[in-house]
Amino acid sequence: MFSLVPLVNVHPDGSPDTWRSLSDDPQFLVSNADRLAGKWVHLDAYIQYEGLLHTPITIYWDEGHGFNETNVLILHPDAAGQAKILWRAPRGLLALRVDPCAQMGIFVKTFKLTILNRPKLFGMAFLRLVQRPSRLGASLSRSLKQLQAGGGVNGLVGLIAKSLYPESDLQSSYVQWVDRNDVLAPSVKQALTARLMRLKTQPKIAVIMPVYNAKPVWLKAAIESVKAQIYPHWELCIADDASTDPAVRRLLHAEAALEPRIKLHLRERNGHISACSNSALDLVSADYFATLDHDDVLREHALLLVAEAITRWPDARVFYSDEDKLSTEGQRCDPHFKCDWNPELLLSQNYLCHLMVIKTALARELGGFRLGFEGAQDHDLALRCTQGCGPDEVIHIPHILYHWRQHEGSTAQGGDAKPYAVDAGVRAVQEHLDRRGVRGSVEVGAYGWYRVRFAVLDPAPLVTLIIPTRNGLDILRTCIKSIVEKTSYPNFEIIIVDNGSDDPQTLRYLDDLVASDQRIRVLRDDGPFNYSALNNRAAKLARGDYLALVNNDVEVITPDWLSEMVSLAAQEGIGAVGARLWYANGTLQHGGVILGVGGVAGHSHKWLEPNQPGYMGRACLLQCMSAVTAACLVVRKTAFDQVNGLDEASLAVAFNDVDFCLRLRAAGYRNVWTPHAELFHHESVSRGSDMAPEKIQRFRQEVKVMQTRWGDALQFDPAYSPNLTNQNEDFGLAWVPRVSLTLPWFEREGATYLP
């Protein structure tokens, strides 16, 4: 009854289910779609790409006003290419359009639509609950409440339909992720206990808790979460900051009397969070301490995983874990799956946060929590404790070990709940730069996070911009015009590498450029297209101390783009610097490179709408990334030469920039991405898609080179998280995480800590 009819940008490629996308916007229409109006529909899609990334399947519907971005349903295929969902088609539905992917190339697809009457719907629900009996009780409870609330059978049908595929809702997705991957079932606890017995060293770990007028029920829960730890070698050091609620001190006295591992200090005068935290720190006798807010909760296995990390990295200064929140209803929500040590991101936000564990002697040597930094006291201490650290001294534990509690006035409820903390954070970051002798200023940036402006060297060093091109007069003219007219950086030259242009107008334009602007040179290379070789040849002729690899299809947006990138590339330890690139339609093209996506690498937050912060702000914050795109990349010439430039022998076209960045990382450099250097990227206009038929074999070979050369390092990107998907570029959840509760994460993902 229902079938997909080619609309635009698709062409059959052999078998009935094999198609070729002719652009990044292939479209099908669904025949007889009006028959779906008002019905419950089961959509079952399967799609596989030949050498391409998994991208979302987008479904648009028309209710008489055409297809638009309001009426849209987005499906994310799993690792096998499967996507299923239940959908209530609107009563006014007239037409349905399916966009299977957002890229050029060959794909295989099947798409099945089934109208579900009530018996089928209830039958599917029954089978799903049988397969997942752990959800049976909750489903029955919700169903009874729905009937009691007067929802009737229709309301019950809708409830069942939504519960069948909760992945379509973001919060339900995390609830389901927790149910699948992060429940401390008896078998998991047994495995954790066995790991405790195998620990060669079992260091004592203190938990410090500053308290002020906490709700007794939440304070009790926080204390109980420490007492419930699987790891027994702990002490809980509580300082009460002169609470005015007598119930708080009664509870604290009672808990300390029952548990000898609880130490208590009752302050006579209120001194605010830093002074109170120092009073708790004074009680610590352990070599390491963690911080716990008086209304938050530790996971049962938190200190065990910390002890394992301390045993594995005894010289590390700081350890930190992932975290999530408890809603006002007690539901787990808003997970923060973090990257490994990322000093540039710590300048932008306190991403370490909770659970953070610090060497006690180090914190005391640095003076503990500083008065005057209240609200950002943890961030300030983290900056001081991690100053000058390498990746083996700040250790990330990729498990959620801490629950923030959301309530009115809490930082977990909203970043603007404590505005004084933002001002304190700006001062903490500024003083961190000053201590290191780094010239730069700090200001409040997007969404209350921080923006560091590094000073450009004076005099400004010469930068050589290398721009390969072939014909494409219009895009080249746009690129050069935007650079020459908009760039505020005062000292640059341009080498245009002409790879066999034969268009008379283009050749005349190149001649005119050289004649009119002494900063511009043209290097002729008539050999076969080899992006790596073209850049390497130009780099040898560059006069600049810094190289900027620039595609001929970019267009400057922010005039200080080059100043921003060069000021970063000049910082100690920095390798490649990447820019924020936008498609012409305003969506994000490049937010840094994530390793492992699609088998090798993909672009962070691709297609993100403008003015969106991305996952935990990572689409708008300065940060380390394992790699950045050479469509716009700045690097010291000495660093470029040190790793022998781009690999022209094995990676002529694809992934040469990723490989280059990974070799920089292996040489001890940090690659960074900045959102403050912005350009348009009219991607693939000049050369065509890598997925054109004659280029597929070359692309597959380059994929093989990367996978052979870098191996497991592609699957465990230290700038990403093993709990996030490597099937898409949207920081979605990994339904099968690359870490497990049953094994220490560093035994499973040792590649994370490779240089």
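Guide: A residue is called buried when its relative accessible area is under 20%, exposed when that value is over 50%, and partly exposed in between, with a 1.4 Å probe and protein chains only. The model above is a predicted one, in which local features need a pLDDT of at least 70 and side-chain atom pairs count only at pLDDT 80 or more, while totals for chains, interfaces and linings use all residues. Residues are numbered from 1 along each chain as its sequence is written, and side-chain values use heavy atoms, with hydrogens and water left out.

Visitor: How many helices and strands does the protein chain have, and what percentage of its residues is buried?

Guide: The protein chain has 21 helices and 33 strands, where helices (H or I, at least four residues) and strands (E, at least two) are DSSP runs numbered from the N terminus. Of its 755 residues, 58% are buried.

Visitor: Why is helix α9 said to be largely enclosed by the rest of the structure?

Guide: Helix α9 runs over residues 302-312, and nine of its 11 residues are buried, so the helix is largely enclosed by the rest of the structure. The buried residues of α9 are Ala302, Leu303, Leu304, Leu305, Val306, Ala307, Glu308, Ala309 and Ile310.

Visitor: What makes helix α8 count as mostly covered, and what covers its buried residues?

Guide: Eight of the 11 residues of α8 (residues 272-282) are buried, namely Ser274, Ala275, Cys276, Ser277, Asn278, Ser279, Ala280 and Leu281. The cover over these buried residues includes the strands β11 (205-211), β12 (234-240), β13 (262-266) and β14 (288-291), together with the helices α11 (360-365) and α12 (377-386).

Visitor: Why is Thr558 called buried, and which residues does Thr558 touch?

Guide: The relative accessibility of Thr558 is 14%, so Thr558 counts as buried, and its place is in the loop between β26 (554-556) and α17 (561-569). Not counting residues up to four places away in sequence, Thr558 touches His676, Ala677 and Glu678, where contact means heavy atoms within 4.5 Å.

Visitor: How do you know that the side chain of Thr558 and the backbone nitrogen of Glu678 make a polar contact?

Guide: A polar atom of the Thr558 side chain lies 3.0 Å from the backbone nitrogen of Glu678. A polar contact is a pair of N or O atoms within 3.5 Å, and within protein one must be able to donate a hydrogen and the other to accept it, while residues adjacent in sequence count only if both atoms are side-chain atoms.

Visitor: What makes a set of residues a nonpolar core, and how many residues does the largest one have?

Guide: A nonpolar core is a set of buried Ala, Val, Leu, Ile, Met, Phe, Trp, Tyr and Cys residues joined through side-chain atoms within 4.5 Å. The largest nonpolar core has 83 residues, and those with the most contacts inside it are Phe289, Leu465, Ile483 and Trp561. Helix α17 gives the largest share of this core, six residues. A second, separate core has 50 residues, including Ala214, Tyr231, Trp313 and Leu741.

Visitor: Why are α6 and α7 called roughly parallel?

Guide: Helix α6 (residues 216-227) and helix α7 (residues 246-258) pack at an angle of about 20 degrees, with their axes 10 Å apart. Axes are lines fitted to C-alpha atoms, for helices over the stretch in contact, and angles run from 0 to 180 degrees between N-to-C directions. Angles under 35 degrees count as roughly parallel, over 145 as roughly antiparallel, 65 to 115 as roughly perpendicular and the rest as oblique, so α6 is roughly parallel to α7. Among the residues that make the contact are Leu219 and Ile223 of α6 and Val248 and Leu251 of α7.

Visitor: Why does Trp607 count as partly exposed, and why does Phe655 count as buried?

Guide: Trp607 has a relative accessibility of 27%, so it falls in the partly exposed range, whereas Phe655 is at 14% and therefore counts as buried. Trp607, which is not a glycine, has a positive phi near 70 degrees, and Phe655 has a positive phi of about 65 degrees although it is not a glycine either.
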